[in-house]
Amino acid sequence: MSADRMQKIMENVPGKYYVDESCIGCSICVEIAPDNLRSNLHEGYEYVFKQPATELEEKRCIEAMEICPVNAIGDDGIG
Ligand code: F3S
């Protein structure tokens with residue numbers, strides 16, 4: 001199953017990458033892409049606070065998306 005852009009977490013900034021509500025807050029993605037993903041420790045989920053601006057950031061976002069255990073990261077975000 002892949003991420004659902006209709007279920008985006010509100011804090012995601014607009015753009016291609018996003019985290020959806022199936023995130024279980026494991027934080028692996030934040031370790032992989034710390035320049036783009038951030039934890040909301042209070043709510044127990046992660047979100048995209050900055051869309052990737054460099055090749056390296058993009059590469060890390062793709063890696064985070066692939067490694068997320070519940071496929072909560074999507075790359076088809078619109079707006
Ligand atoms: Fe959530 Fe997946 Fe990251 S479960 S914390 S979006 S690796």
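1. Which residue forms a salt bridge with Lys50? The partner is Glu57, and the closest N and O atoms of the two are 2.8 Å apart. A salt bridge here is a side-chain nitrogen of Lys or Arg within 4 Å of a carboxyl oxygen of Asp or Glu. Side chains of opposite charge can pair when their charged atoms come close.

2. A word on what you are looking at: this is a predicted model, where local features need pLDDT of at least 70, side-chain atom pairs count only at pLDDT 80 or more, and totals for chains, interfaces and linings use all residues. Residues are numbered from 1 along each chain as its sequence is written, and side-chain values use heavy atoms, leaving out hydrogens and water.

3. Now back to Lys50 and Glu57. Glu57 is buried, with a relative accessible area of 10%, whereas Lys50 is partly exposed at 31%. Buried means under 20% relative accessible area, exposed means over 50%, and partly exposed lies in between (1.4 Å probe, protein chains only).

4. The whole structure holds three salt bridges. In another of them, Lys16 pairs with Glu58, with 3.0 Å between the closest N and O atoms. This pair links distant parts of the chain, 42 residues apart: Lys16 sits in the segment before β1 (18–19), and Glu58 in helix α2 (residues 55–67). Helices (H or I, at least four residues) and strands (E, at least two) are DSSP runs, numbered from the N terminus. Lys16 is partly exposed at 39%, and Glu58 is partly exposed at 25%.

5. Arg60 forms a salt bridge with Asp35, the closest N and O atoms being 3.7 Å apart.

6. Next, have a look at the inside. The largest nonpolar core has 18 residues, and those with the most contacts inside it include Ile9, Val19, Cys23 and Leu37. Such a core is a set of buried Ala, Val, Leu, Ile, Met, Phe, Trp, Tyr and Cys residues joined through side-chain atoms within 4.5 Å. At least two core residues come from each of α1, β3 (45–48) and α2. In soluble globular proteins, nonpolar side chains tend to be buried together.

7. Finally, the cysteines. Cys23 is buried at 18% relative accessibility, and Cys68 is buried at 12%. A search of the whole structure finds zero disulfides, a disulfide being a pair of cysteine sulfur atoms within 2.5 Å.
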